[in-house]
Amino acid sequence: MELSTRPPLFDFHGVSMIHYFTDNWENIQNFQARPDDILIATYPKAGTTWVSYILDLLYFGQTAPERQTSLPIYERVPFLESDFHILPPGTELADKLSTSPRLIKTHLPVQLVPKSFWEQNCRVVYVARNAKDNAVSYFHFDRMNQAQPEPGDWNNFLQRFMDGKMVFGPWYDHVNGWWERKQTHSKLHYLFYEDMVEDTGRELDRLCSFLGLSTSAEEKERVRGGVQFDNMKKNNMANYSTIPVMDFKISPFMRKGKVGDWKNHFTVAQSEQFDEDYKKKMKNTTVQFRTVV
Ligand code: A3P
């Protein structure tokens with residue numbers, strides 16, 4: 001089947017979606033998680049690939065080094081709800097994984113996650129990124145990825161972001177929903193992109209302790225080096241250069257990898273309007289983000 005370009009957004013259980021993430025819905029909802037599965041959950045462009053690569057190296061960097069040169073990250077860590085027609089659907093890729101644990105990626109808001117992940121009490125790593133940088137990164141991603149809706153100009157895109165009319169719905173509901181789930185699901189590690197940029201080594205230590213891994217200091221240092229932005233950008237197995245719908249001439253997948261790039265995009269007026277709206281939308285939550293480090 002052909003890949004449709006610039007698919008339209010539609011409402012799906014109250015969340016804006018495109019068909020690539022709903023076509024396989026029955027299999028997604030009935031997906032059978034295993035107790036040792038690790039779910040990597042994020043709002044798009046929050047650092048999913050970075051954390052996926054970190055977990056892959058922590059678990060398989062030493063035991064299966066051939067993975068690092070032969071399998072792109074999206075095959076090692078299947079994207080659960082994806083059904084792009086040019087690859088097998090995420091559920092099928094996950095079912096076929098022979099590794100243990102299985103690392104599985106999702107962008108679903110918490111209320112849409114298949115229930116077996118909760119029934120099996122799986123570990124979850126959630127990565128969140130401040131709204132302004134997240135919006136900027138999403139804008140450039142939509143510009144270069146033909147399988148995403150047309151982004152329009154930055155001003156319109158930003159308004160849509162504030163209105164929550166983005167694929168996978170509002171950023172605000174996403175980060176808050178997962179933050180709340182952390183209060184009841186103790187096996188959820190809520191990680192911030194900004195903390196990873198500030199001190200990747202410290203965040204690796206925290207991750208290992210959450211995962212119950214006794215990775216040596218030497219190995220952790222190796223992982224830290226391998227997942228540095230410049231190294232991932234060069235790494236064809238991690239940089240998405242093998243995906244045909246992405247035009248890196250417009251914007252590369254590994255674009256900047258910084259905190260605070262929003263300052264190069266938001267006008268003062270846009271920033272003030274965004275902050276005012278943000279306060280209202282985030283008034284009932286305790287989750288705190290940093291827009292600079
Ligand atoms: P930018 O567009 O701001 O550069 P996702 O993997 O969720 O799609 O997120 C992509 C964003 O994470 C991009 O942000 C990308 O550059 C950034 N990223 C990926 N690997 C990174 C790394 N090793 N260090 C810092 N940022 C990284």
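The model is predicted, with local features requiring pLDDT of at least 70 and side-chain atom pairs counting only at pLDDT 80 or more, while totals for chains, interfaces and linings use all residues. Residues are numbered from 1 along each chain as its sequence is written.

An unreviewed UniProt entry places the feature "domain: Sulfotransferase" at residues 35-285, in the numbering used here and with the caveat that annotations may be inferred rather than shown by experiment. The end C-alpha atoms of this span lie 30 Å apart, and the span is 47% helix and 8% strand, where helices (H or I, at least four residues) and strands (E, at least two) are DSSP runs numbered from the N terminus.

Strand E5 (residues 123-128) has six of its six residues buried, so it is largely enclosed by the rest of the structure; buried means that 20 or more other C-beta atoms, placed from the backbone, lie within 10 Å of the residue's own. Arg123, Val125 and Val127 point one way from E5, whereas Val124, Tyr126 and Ala128 point the other way. In a regular strand the side chains alternate between the two faces of the sheet.

| Pair | Bridges | Direction | Opposite residues |
|---|---|---|---|
| E3 (residues 38-42) and E5 | five bridges | parallel | Ile40 and Val125 |

Around the ligand stand 19 residues, of which Thr48, Thr49, Ser137, Arg255 and Gly257 come nearest, a residue being near if its C-beta atom, placed from the backbone, lies within 6 Å. Helices H2 (48-60), H7 (131-144) and H13 (229-234) each give two or more residues to this shell.

Key:
A residue is buried if 20 or more other C-beta atoms lie within 10 Å of its own, exposed if 12 or fewer, and partly exposed in between; C-beta atoms are placed from the backbone. Two strands pair if DSSP finds at least two bridges between them.
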